[in-house]
Amino acid sequence: MNEATSRVGAPVRTFTQLFSSSWRGARLARLLGVVELRAWGAPQDLRERAEIVVAELATNAVQHGRLPGRDFRLGLFFAPSAGCLRVEVTDARGDVYPQVPPVVGDLDELLPCGRGLSLVAALSDHWDAVPYPPSGKTVRAVLSQAGEASGAGTD
């Protein structure tokens, strides 16, 4: 109980940026996310996992969440004292939500896509999707430092 109280005042570093809903925008989101995490002094393991998570969520926003003339938003929220990073990607398609990834053994290895959310699930402690009013959605993933991850990579 005291440990949670001591973290209340801990500084949280934030980064939010709009990107064009294009492949170039998804790539730029990944690159700028890594640059920001490096500037914050995030541990290498956390940066590497976050890079993949940002890339997958940004790609999904471009591929499945794009509406003409609408951008997607990347948000990074890092609490160094807690060793915790939250990645958020918001897109314009609130009518299309990501599906829970199938069990790894059920994936068809010949399909060119369909593994992105499985990677997100494996690399993060947990992920979910919530509405973003008036018509969008936000997909969130929480990552902890390697020694503190509760369920990363255990499925």
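Author: Start with Gln145, which sits in the segment after β5. Helices and strands here are DSSP runs, with at least four residues of H or I for a helix and at least two of E for a strand, numbered from the N terminus. This is a predicted model, in which local features need pLDDT of at least 70 and side-chain atom pairs count only at pLDDT 80 or more, while totals for chains, interfaces and linings use all residues. Residues are numbered from 1 along each chain as its sequence is written, and side-chain values use heavy atoms, with hydrogens and water left out.

Gln145 counts as partly exposed because its relative accessibility is 23%; buried means under 20% relative accessible area, exposed over 50%, and partly exposed in between, with a 1.4 Å probe and protein chains only. Apart from residues up to four places away in sequence, Gln145 touches Pro43, Leu46, Arg49, Pro80 and Gly83, where contact means heavy atoms within 4.5 Å. Leu85 is 60 residues from Gln145 along the chain, yet their C-alpha atoms are separated by 8.4 Å.

One of those partners, Arg49, leads on to helix α3, where Arg49, Ile52, Val53, Glu56, Leu57 and Asn60 meet Gly116, Leu117, Leu119, Val120 and Leu123 of α4. The residues of this contact divide into seven nonpolar, two polar and two charged. In that count, Ala, Val, Leu, Ile, Met, Phe, Trp, Tyr, Cys and Pro are nonpolar, Asp, Glu, Lys and Arg are charged, and the others, Gly among them, are polar. The axes of α3 (residues 44-64) and α4 (residues 116-123) come within 9 Å and cross at roughly 150°; axes are lines fitted to C-alpha atoms, for helices over the stretch in contact, and angles run from 0 to 180 degrees between N-to-C directions. In α4, the buried residues are Gly116, Leu117, Ser118, Val120 and Leu123. Their cover includes α3, β4 and β5.

Between β4 (126-132) and β5 (136-144) is a loop that holds Pro134. Pro133 and Pro134 are joined by a cis peptide bond, with omega at about 10°. Most peptide bonds are trans.

Next come two buried strand residues. Ala79 lies in β2 (residues 72-79) and counts as buried because its relative accessible area is 15%. From Ala79 to Ala42 is 37 residues in sequence and 9.5 Å in space, C-alpha to C-alpha. Thr90 is in strand β3 (residues 84-91), and its relative accessibility of 8% is why Thr90 counts as buried. With neighbours within four places again set aside, Thr90 contacts Asp71, Phe72, Arg73, Tyr132, Lys137 and Thr138.

For the whole chain, there are four helices and five strands, in the order α-β-α-α-β-β-α-β-β along the sequence. Of its 155 residues, 37% are buried. Among contacts with a separation of 6 or more, 68% are between residues 24 or more positions apart.

Lastly, confidence: the chain averages a pLDDT of 84, and 77% of the residues score at least 70, pLDDT being the predictor's confidence in each residue, from 0 to 100.
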